Amino acid sequence: MALLPPTSLVFSVRRHEPELVPPAKPTPRECKKLSDIDDQVGHRFQIRGLHIYRCNPSMHGKDPARVIREALAATLVFYYPIAGRLREGPNRKLIVDCTGEGVLFVEADANVTLEEFGDALCPPFSCYEELLYEAPGSNDLLNCPLMQIQVTRLKCGGFIFAHRFNHTVSDAVGLIQFMSAMGEIARGALAPSITPVWERHILNARDSPRITCVHDEYDTSTMASGTIIPRDNLVHRSFLFGPTQISTLRRFVPENLQCSTFDLLTACLWKCRTKALELDSNEDVRLICIVNARSKFSPPLPLGFYGNALAYPAALTTAGKICQNPLEYAIELVKQAKKKVTEEYMKSTADLLVIRGRPNVNTVGSFIVSDLTRARFKEVDFGWDKAEFGGPANGWELISYCIPFKNNEGEEGVVVPVCLPAPNMKRFVKELDQILVKKKDTAPAGVKNSNSN
């Protein structure tokens with residue numbers, strides 16, 4: 001298994017004092033309820049990510065921090081709820097108080113060049129805390145800025161745009177819509193090309209809530225008996241799947257089985273991860289896919305809707321069946337889970353969340369995978385052209401992301417961050433290696449790693 005060296009870069013960052021950036025013009029003072037899909041427990045956390053930009057000679061003399069700060073203020077006129085604060089009402093209902101207080105913004109300089117980060121710009125970014133300093137008390141769910149941005153200028157003329165965002169307000173599609181609007185305004189537009197749409201009532205529970213679909217993702221019957229992954233001695237690694245590795249995996253798939261690259265990689269990772277955890281063969285395991293449900297509605301959700309439109313369909317089986325069956329068994333389960341998502345499924349989900357008090361998905365025995373290959377993170381352009389990298393800074397012990405990746409030769413592939421305790425990670429790498437090197441003419445997936453205690 002080819003091992004990319006872990007990020008051991010040490011550098012210092014000089015930060016200015018954090019400031020609040022309010023909308024550039026007066027905005028409505030009102031309260032807006034989040035949807036019943038928005039405010040479930042599984043969304044009550046902060047999304048963190050970053051975009052990395054190279055020096056662009058055409059932008060010589062322009063300060064990225066100033067450009068982005070001004071674009072942020074102008075964009076908040078259109079997306080004014082993001083400048084507000086989150087409150088909790090009766091029955092734990094979340095409400096955005098559109099106060100116009102603003103987004104937290106930090107300007108910084110680092111004594112490092114982009115080249116020193118190495119060729120593989122992908123998670124894990126062990127230096128992330130330097131690139132997004134979060135002051136104590138600034139990132140609570142309630143009564144705090146809904147978003148923070150830090151723009152760190154690099155010695156080479158490039159810069160890093162790091163952010164954290166309250167997930168209850170938007171999903172990845174909505175977040176990218178907001179950032180893309182900032183980019184358009186930074187490049188001279190007077191208004192976003194896509195008008196933001198609130199309309200959160202579309203994803204509320206029905207007047208007479210009723211659960212009409214099976215939702216294994218919210219089934220808590222196995223929580224008392226399932227294996228919980230310890231959070232100490234975690235190891236973060238990213239696995240790079242290029243055309244060669246994906247072609248190798250497809251050799252294990254029967255010709256009559258149609259599957260996407262996401263289906264294939266998710267099934268492979270689920271199988272290897274389950275083997276690495278060495279679970280009892282009868283223990284229940286869950287694969288949860290994060291699905292963008294915007295197109296599942298008839299008519300589809302309005303263009304410009306930037307709320308959460310996510311479903312979490314689950315495939316449920318046992319550790320023994322995943323480990324002992326061929327890869328196609330897991331692929332079929334992944335496909336079947338994704339097919340569950342319909343307009344009725346989303347309505348049933350909203351009804352369940354209200355009936356059961358906004359529960360979280362069952363994370364015990366679960367592996368959650370999100371496909372970000374079409375999320376267009378790298379497309380965000382503030383005038384310095386597209387980002388070299390855009391996406392999450394790290395994976396978590398329960399969640400992995402499929403992130404688009406391009407190597408120095410221009411070959412496109414997918415990078416997947418995985419996080420496991422050290423002994424389990426060693427077994428995971430071994431299991432994956434056994435699959436990818438079964439053919440002598442096949443190169444294994446590359447790996448980038450770091451430890452987390």
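Q: How many residues does α7 have, and how far does it reach from its first C-alpha to its last?
A: Helix α7 (residues 327-339) has 13 residues and reaches 19 Å, close to the 18 Å expected at 1.5 Å a residue. The expected span is 1.5 Å times one less than the number of residues. Helices are DSSP runs of H or I with at least four residues, strands are E runs with at least two, and numbering goes from the N terminus.

Q: What kind of model is this?
A: This is a predicted model, where local features need pLDDT of at least 70, side-chain atom pairs count only at pLDDT 80 or more, and totals for chains, interfaces and linings use all residues. Residues are numbered from 1 along each chain as its sequence is written, and side-chain values use heavy atoms, with hydrogens and water left out.

Q: OK. Which α7 residues are buried?
A: Leu327, Ala330, Ile331, Leu333, Val334, Lys335 and Ala337. Buried means under 20% relative accessible area, exposed means over 50%, and partly exposed is in between (1.4 Å probe, protein chains only).

Q: And what do those buried residues pack against?
A: Their partners are α4 (243-250), α5, β12 (284-292), β14 (314-318) and α6 (319-324). Contact here means heavy atoms within 4.5 Å.

Q: How do α5 and α7 cross?
A: Their axes come within 8 Å and cross at roughly 120°. The axes are lines fitted to C-alpha atoms, for helices over the stretch in contact, and angles run from 0 to 180 degrees between N-to-C directions. That makes α5 and α7 oblique to each other; under 35 degrees would be roughly parallel, over 145 roughly antiparallel, 65 to 115 roughly perpendicular, and the rest is oblique.

Q: Which residues in α5 and α7 meet?
A: On the α5 side, Phe262, Asp263, Leu264, Thr266, Ala267, Cys268, Trp270 and Lys271 meet Leu327, Ala330, Ile331, Leu333, Val334, Lys335 and Lys338 of α7. The contact divides into ten nonpolar, one polar and four charged residues. Nonpolar covers Ala, Val, Leu, Ile, Met, Phe, Trp, Tyr, Cys and Pro, charged covers Asp, Glu, Lys and Arg, and the others, Gly among them, are polar.

Q: What about α5 with α9?
A: Helix α5 (residues 261-277) packs with α9 (residues 422-436) at about 135°, axes 8 Å apart, which means α5 is oblique to α9. The residues in contact include Cys272 and Arg273 of α5 and Phe428 and Glu431 of α9. This contact divides into eight nonpolar, one polar and four charged residues.

Q: Switching topic: where is Thr75, and what does it touch?
A: Thr75 is in helix α1 and is buried, with a relative accessible area of 0%. It touches Phe178, Ala181, Met182 and Ile185, not counting residues up to four places away in sequence.

Q: Which peptide bond into Pro299 is cis, and what's its omega?
A: The bond from Ser298 to Pro299 is cis, with omega near -5°. Pro299 lies in the loop between β12 and β13 (310-311). There's another cis bond from Pro123 to Pro124, with omega near 0°.

Q: What about phi at Arg358 and Arg376?
A: Arg358 has phi near 60°, positive in a residue other than glycine, and Arg376 has a positive phi of about 65° although it's not a glycine either. Most residues other than glycine have a negative phi.

Q: Are those two arginines buried or exposed?
A: Arg358 counts as buried at 8% relative accessibility, whereas Arg376 is exposed, with a relative accessible area of 55%.
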